[in-house]
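Reader: I am new to this structure. Could you take me through it in short steps?

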Amino acid sequence: MDYRAHILTLANAYCIATNRSLARVSTIVRNDGKFFRRLGEGAGCTMDTYAKCLRWFSEHWPEGLPWPDGVPRPVEEDDRRVA
């Protein structure tokens with residue numbers, strides 16, 4: 001699975017779980033209603049944008065919805081601290 005597929009897998013699962021359109025979620029996540037559509041058509045994005053998308057979804061993921069298999073989940077800052 002490539003980075004585009006990671007983002008689109010998260011976006012589509014989030015859309016279904018929240019009953020929102022892909023364009024609406026694209027606007028919420030990237031302030032660009034066509035961002036996810038363009039990715040689906042083969043456009044790319046920077047690794048910084050990829051990381052920001054994964055972080056956004058991780059922070060806003062619906063409770064009870066399993067994180068998709070094969071998609072890396074960012075580690076939260078608190079999880080990185082060693083006690």
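What follows is a short exchange about loops, a helix, its packing and the cysteines.

Author: This is a predicted model, where local features need pLDDT of at least 70 and side-chain atom pairs count only at pLDDT 80 or more, while totals for chains, interfaces and linings use all residues. Residues are numbered from 1 along each chain as its sequence is written, and side-chain values use heavy atoms, with hydrogens and water left out.

Reader: Where is Asn-19, and is Asn-19 buried or exposed?

Author: Asn-19 sits in the loop between helix H1 (3-18) and helix H2 (22-30). Helices are DSSP runs of H or I with at least four residues, numbered from the N terminus. Buried means under 20% relative accessible area, exposed over 50%, and partly exposed in between, using a 1.4 Å probe and protein chains only. With a relative accessible area of 72%, Asn-19 is exposed.

Reader: Which residue with a positive phi follows H2?

Author: Most residues other than glycine have a negative phi. In the loop between H2 and helix H3 (35-40) there is a residue with a phi near 55 degrees, though not a glycine. The residue that follows H2 with this positive phi is Asn-31.

Reader: What arc do the buried residues of H2 cover around the axis?

Author: The buried residues of H2 are Val-25, Ser-26 and Val-29. They are on the same side of H2, because their arc, taken from the directions from the helix axis to the C-beta atoms, is only 105 degrees.

Reader: At what angle do H2 and H4 pack?

Author: Two packed helices are described by the angle between their axes and the distance between the axes. Here axes are lines fitted to C-alpha atoms over the stretch in contact, and angles run from 0 to 180 degrees between N-to-C directions. The axes of H2 and H4 are 10 Å apart, and the angle is about 105 degrees. H2 is therefore roughly perpendicular to H4, as angles under 35 degrees count as roughly parallel, over 145 as roughly antiparallel, 65 to 115 as roughly perpendicular and the rest as oblique.

Reader: How many disulfides are there?

Author: A disulfide is a pair of cysteine sulfur atoms within 2.5 Å. For Cys-45, the nearest cysteine sulfur is that of Cys-53, 6.1 Å away. Cys-45 is buried at 18% relative accessible area, and Cys-53 is buried at 0%. The count of disulfides comes to zero.

Key
Helix = DSSP H or I, 4+ residues; strand = E, 2+ residues; numbered from the N terminus.
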